[in-house]
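Here is a brief report on selected helices and a strand residue. Please read it alongside the sequence and coordinates.

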Amino acid sequence: MYFYCGFFPYKKLSTCLTAKYYTKTVNKKFNLMVKKFFKIVLVLIVLVLIGSWFFIQNSKPTYSGKLQLNDLKDEVTVYYDDIGVPHIYAQNQHDAYVALGYVHAQDRLWQMELMRRIGAGRLSEIFGEEMIKTDKFFKGLGIEKAAAKDIQKLDTTTQGYYLSQAYLSGINQFIVKGATPIEFRLTSVKKERYTIQDIYNVFGYMGFSFAQAYKTDPLLTNLRQQLGDEYLSEFVILSDDESVVIPTHNPNLDKKYANNISKSINEILETSPVPPFIGSNSWVVGSKKSKNNKVIFANDPHVVFSQPGIWYQSHIVTPDFEIYGFNLALTPFPLLGHNHKYAYGMTMFENDDIDFYKEPIDQKYEIRKETIKVKDGEDVTFEVKEGKHGPIVNDFIEIINSDNDIAMDWVYTKFENEIIEASYRISHANSFSDFKRGIAKINAPGLNMTYGDNQDNIAWFAAAKLYTRKNDVNPKFILNGSNGEDDQLSYLDFSQNPQAINPPWNYVYSANNQPDSIVGVLYPGYYLPEDRAQRIVDILNPKNDFTKNDMKEMILDTKSPVVEKNVRTIIKNLSKVNLSDTDKKAIQILEQWNADYKVNDIAPVIYNKLIYQILRNTFADEMGEEQFKQFLKTHLYKRQIAKQIASSKSIWWDDVATKDIKENRDEIFTTSFHEAIKALEIQFGGNIQDWTWNKVLTVTHKHTFDKVALLKNFFNVGPFTTNGGNEVINNHLFPLNGSGKYEVRAGPSTRRIIDFSDVENSVAILPTGQSGNVFSKHYKDQAQKYLDGEFVKMMLNKEEIQKSKDKLILEPIN
């Protein structure tokens, strides 16, 4: 007989009972241990959650309460509106700029850190070996050296210098008193005090990011050597007098070694964690063309998208001064701004301010030594030779088969830089004349500055140090540095720069296109095609009763009259023989398209794929694969598209790979069309209704940590689908490629509209948000509004501002 206790048999009852007792005891102890374990885990989870909550709360910007700061004379009140814009009310400008430095830093300190480091060649101290190439390039340019020379000459008695130091004081106090941004902790970067040198380094980087010569001049030089002048004669290289030009009106006057330079510098800027400037739109409608008989101002600078975005909004009010501005990181005075009296903005001029020279072998140089400190690695030391045409790029850029030294002559480092004084005067102008004197101090980067005021003045100025040469010198190629024949002859006075002041057609504009000249010469540059300019002119010319709502609609416009013309020419000249049903549907869709880029449209998908195939079949056989890729990274290809499509006879149409056949335009169009449709069928399937723009075009605002898989989704904003495309007013720029997938690289960094008939209800929008602090409620609170084409008010009315929920009082210590 057996006794069962649980699952096990026992011969004796006592043994069975004993086993049962011990089993219960063990089970009881086990259950207690399990409960204790889960209690410990629960406590740890709670502690982690509480700790995380406290960490997040202590890491957020301080938008309300009281803080004590040094270097203040009186109390400052900062009202934060619903989108996180600080409205700074101070008794004097010095205190206002201390406050601006502090509040700017608490939202954007990490961005400031990156901006000051890139121009100085110090990113390797954060990111290690992968940034050595970038650091070597920017140290080689000599931005820091030029800044140090300019700072030695600074007049420290000027108000611009005085307020810049106040701004730096605010930043440096935040470093000591404020929360350390999480990026500093994740990268183990120690915070350092900021100086006037850092401000100059930011402007230096901005100046270089505007330039296009480094992409274009070496490429054209190599193509000329490889193919000859006959091929290049069909390109729009110097200027284009057949395109839409920005009209000027000044009443005062009216009375192979280069094979790898482009590639190397493109790679450096594409891997940079700091966004470069790309292009822009701006227009100002005069009082005679507005319904309310007051000036209306619009501006949307185009910058590579990033998170945070490039601009920080702020509003300063003192008894003698007011400005609502958009500041770059680490810059005290806004490059975009307005108040009750006037508004100003900018686009990129795209003028030629960099030249490359082939130097003689016996050239004598000065030598400077540069050292790059590398995180978790050894220092990198190298030498840079400098001659009369600037630094020798061979010393800091890899160049294939370079038999000669190539020097880079850059206006920015060649002349004394007064950008701080210029930006101070622009933002503190008391009259139109004051504003004009301020922009006259800009040497580089070249800017199109637009202006409008409540006295009905409107103006556009090309602000840059411009120069003349001998007529037979083409600066779009690498020049001869041996005898001075290719050097600049003279520099123009600012009064001779392209400009328009209160023109009789009652509007001014810029879309990075070719400006006309008031001295009878089209100034050479790297201008963008006429697409946006033509659309702007088409909208502005016929209408004389514009309103703020009209400007909103216009700044979001996605139509291209040039694309419409291109489509008609292509369809007319491609062969209609042996068309499939899908081919016929594609042609019908293109014929009915009004060249509008909307998210659910099909035609933009077909058109962009077709244009890529036409360009590839036209240029790649002569250029070769690598140079064709570089060609697509220049403005040159954009300017060539319409010209090439319209040209029935071109040396480029022939495919040099087919020895006994000479192709023509119709054959290239036909072949490209069939290739494009076949590729799209493979990509999307046979149902052409599925080929919509939102499936190929996406935009993501990328943070520095985008390449870190575990962090990118936390810090990035997006991806999103969006209206817009290349070279429409709502410009969303993407690299044209053969994949059929397009990632938007750049676009409107802000959209601003100021109506002087109702200036206190002027509007703007940012792509993501005010703050660069990922824990801030203003990190991405504008993102969906931006995509939906909405705007938010730029508040100027004090009564409205004082109703803000968030109020920060800054008190002077002692």
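## Helix α18 and its cover

The buried residues of α18 are covered by elements that include α16 (531-540), α19 (581-592), α20 (603-623), α22 (635-646) and α23 (665-684). Contact means heavy atoms within 4.5 Å. Those buried residues are Val562, Val563, Asn566, Val567, Thr569, Ile570, Ile571 and Asn573. Buried means under 20% relative accessible area (1.4 Å probe, protein chains only).

Helix α18 runs over residues 561-573. Its 13 residues should span 18 Å at 1.5 Å a residue, and its end C-alpha atoms are 19 Å apart, which agrees. The expected span is 1.5 Å times one less than the number of residues.

## Basis of the model

This is a predicted model: local features need pLDDT of at least 70, side-chain atom pairs count only at pLDDT 80 or more, and totals for chains, interfaces and linings use all residues. Residues are numbered from 1 along each chain as its sequence is written, and side-chain values use heavy atoms, with hydrogens and water left out.

Helices (H or I, at least four residues) and strands (E, at least two) are DSSP runs, numbered from the N terminus.

## Helix α15

Helix α15 covers residues 432-439, with Phe432, Phe435, Gly438 and Ile439 buried. They lie on the same side of α15 because they cover an arc of only 120° around the axis. The arc is taken from the directions from the helix axis to the C-beta atoms. The buried residues pack against β11 (342-348), α14 (419-427), β17 (447-453), β18 (458-463) and β22 (499-501).

## Threonine 450

Threonine 450 sits in strand β17. It is buried, with a relative accessible area of 0%. Beyond its neighbours within four places in sequence, threonine 450 contacts residues including Phe435, Tyr344 and Trp460.

Its side chain makes a polar contact with the side chain of serine 282 (2.7 Å). A polar contact is a pair of N or O atoms within 3.5 Å; within protein, one must be able to donate a hydrogen and the other to accept it, and residues adjacent in sequence count only if both atoms are side-chain atoms.

Note on methods: Buried < 20%, exposed > 50% of the residue type's maximum accessible area, 1.4 Å probe, protein only.
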